[in-house]
Amino acid sequence: MNNNELWQSVLAQMQFHISKANFATWFQNTEIVSKEAEKITISVPNAFSKEWLSNKYNKLLLKTLHELDCTIKDLNFIIKPQSLENNQLKNLSENAKIETEQLKFDEFKINKETNLNPRYTFDNFIVGSFNELSHAAALAVSDNPGVTYNPLFIYGGVGLGKTHLIQSIGNKISDNFKKKKVKYISSEKFVSGIISAIRSNNIETFKTNLSSIDVLIIDDVQFLAGKTKTQEEFFHAFNSLYEKNKQIILSSDRPPNAIPELEERLRSRFEGGMISDISLPDYETRLVILKAKLQEKGTELPEEILEYIATNVKKNIRELEGALNKLLIYYKINNKSPDLETSKKLLKGFVFSPFNIANYKKIIETVAKFYNLEEKNLYDPTRRREIVKPRQIAMFLLRKELKYSFPSIARKFGGKDHTTAIYAYKKILQENEENNKLTEELNLIKQRIYSG
Ligand code: ADP
Ligand code: MG
């Protein structure tokens, strides 16, 4: 493998570890410039990239490089300002060239008007019982935007296809209704857009731009939690679009009633249309997904290996793709499919391990994160409801999942008296029986504790 091929393999793998936006930002115009003894030198376009890559991605890059070529033990970065794309492409084999182009197509060819990635379509979206309701709703909305379900709210855990599905709607509407203005915005972009509009006194322009949209798609709205000013602006934008029968499509990692610190009026807007979820695909569907992805790439792997992946990689579809990709890189480098034993070794990091057990740290971390708090907030001796409830839930889980004694729970939370811990446990236990919202929250929290 030459340096270019090695770097393309690294890039292909990095995509599975970081978000698309980060990938595009930090890895554009990078390449391996030399490989001497045990050291690889990577050129980057500017000092900013150098700092980020060496601080944030050094370890992951080195690990990935080392896995591909075990002689590599060290890594450094140099700055090389000009675009290297042309020289880079010349040296690549035809195959690798196509792959680079695909990578670019994916990451850099996002439509500037709509922000949609053309890769996400209904044609390559696999449907099974885990997502069929959401898929049906998405198709209905694509055929009759603004009419059938408004808003459409899709929720589900990470890597299960929310972004793929809601962008497919956008792409289909763009194709079929050429005049309709479609816009996809991540919640982070939406928030930062509002903040900078407020700062630069441009909020009216921001609003005018929004009001000209026919189909507004906002991804990961759980990030609006606690952002009061943004929620207020969003509420107005929502209403003005909704009143004009413009289609609004939202995604979130949880249902509207489980998003903490979401204004009541916004929550009820979110709940006013169609809410549907995407759950985990079962074994059969995982196998179908793997086969479809292979077909898309025009390649094959032995059935027993596919069965091994489908049996063991259960977390989500993104991980399934990652596992497949890892084997295909091996395939490409060695010109033959890995056998089952090699596949097992290559997929170690992907396989769901029975050792994913709960512990004290995980429970505290997960509960705090779920409720948008810092861990130390859970220990605050306050009676504020937004803290009391998460604290009681943490105590409840410590008892229920880890069988901690009440006195030891009390000690962890700085109390001398263990009746508080008993009270918390009983209260959550009882509410869990009576209150669906709490049950749903507890399930989501537990899912995260055990899958993290
Ligand atoms: P989420 O937004 O829920 O975190 P994504 O939409 O980013 O998940 O999906 C993760 C990866 O899995 C993407 O590469 C996506 O194309 C793929 N994927 C998810 N669901 C499906 C599906 N039903 N069929 C085909 N590919 C899927
Ligand atoms: Mg997403």
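For the residue classes used here, Ala, Val, Leu, Ile, Met, Phe, Trp, Tyr, Cys and Pro are counted as nonpolar, Asp, Glu, Lys and Arg as charged, and the others, Gly among them, as polar. The model is a predicted one, in which local features need pLDDT of at least 70 and side-chain atom pairs count only at pLDDT 80 or more, while totals for chains, interfaces and linings use all residues. Residues are numbered from 1 along each chain as its sequence is written, chains are lettered from A and ligands numbered from 1 in the order in which they are written, and side-chain values use heavy atoms, with hydrogens and water left out.

By these classes, the shell around ligand 1 comprises six nonpolar, seven polar and five charged residues. Of the 18 residues around the ligand, those that come nearest are Gly 159, Thr 163, His 164, Lys 293 and Glu 321, a residue being near a molecule or strand if one of its heavy atoms lies within 4 Å of it. Helices α7 (162-176) and α14 each supply at least two residues of this shell; helices (H or I, at least four residues) and strands (E, at least two) are DSSP runs, numbered from the N terminus. Polar contacts are pairs of N or O atoms within 3.5 Å, where, within protein, one must be able to donate a hydrogen and the other to accept it, and residues adjacent in sequence count only if both atoms are side-chain atoms. An oxygen atom of ligand 1 lies 2.8 Å from an N or O atom in the side chain of Lys 162, and a polar side-chain atom of Thr 163 is found 2.7 Å from an oxygen atom of the ligand. For Arg 318, an N or O atom of the side chain is 2.8 Å from an oxygen atom of ligand 1. The protein covers 96% of the 550 Å² of accessible area that ligand 1 has on its own, with areas taken from the Shrake-Rupley method with a 1.4 Å probe and, for residues, only the protein chains shown counting as cover.

Strand β4 (152-156) is mostly covered, since five of its five residues are buried; buried means under 20% relative accessible area, exposed over 50%, and partly exposed in between (1.4 Å probe, protein chains only). Leu 152, Ile 154 and Gly 156 point one way from β4, whereas Phe 153 and Tyr 155 point the other way. Two strands are taken to pair if DSSP finds at least two bridges between them. By this criterion β4 pairs in the parallel sense with strand β7 (residues 247-252) over four bridges, with Leu 152 opposite Ile 249, and five bridges join β4 to strand β8 (residues 274-278), also in parallel, with Phe 153 opposite Ile 275.

Arg 254, in the loop between β7 and α11 (264-270), counts as buried because its relative accessibility is 5%. Leaving out residues up to four places away in sequence, Arg 254 touches Phe 153, Tyr 155, Gln 222, Ile 259, Pro 260, Phe 370, Leu 444 and Arg 448, where contact means heavy atoms within 4.5 Å. The side chain of Arg 254 also reaches the backbone oxygen of Phe 370 at 3.0 Å.

Phe 370 is one of the buried residues of helix α16, together with Tyr 360, Lys 362, Ile 363, Ile 364, Thr 366, Val 367 and Ala 368. Eight of the 11 residues of α16 (residues 360-370) are buried, and what covers them includes α17 (385-402), α18 (406-412) and α20 (436-451). At the N-terminal end, α16 is capped by Asn 359, a side-chain oxygen of which lies 3.2 Å from the backbone nitrogen of Lys 361.

Several backbone values were also noted. Most residues other than glycine have a negative phi, and most peptide bonds are trans. Just after α16, Asn 372 takes a positive phi of about 65°. Phi is likewise positive, near 45°, at Ala 37, in the loop between β1 (31-36) and β2 (39-44), and Ala 37 counts as exposed because its relative accessible area is 77%. Asn 335 has a positive phi of about 60°, lies in the loop between α14 (317-334) and α15 (340-346), and is exposed at 68% relative accessibility. The peptide bond from Asn 150 to Pro 151 is cis, with omega near -5°.
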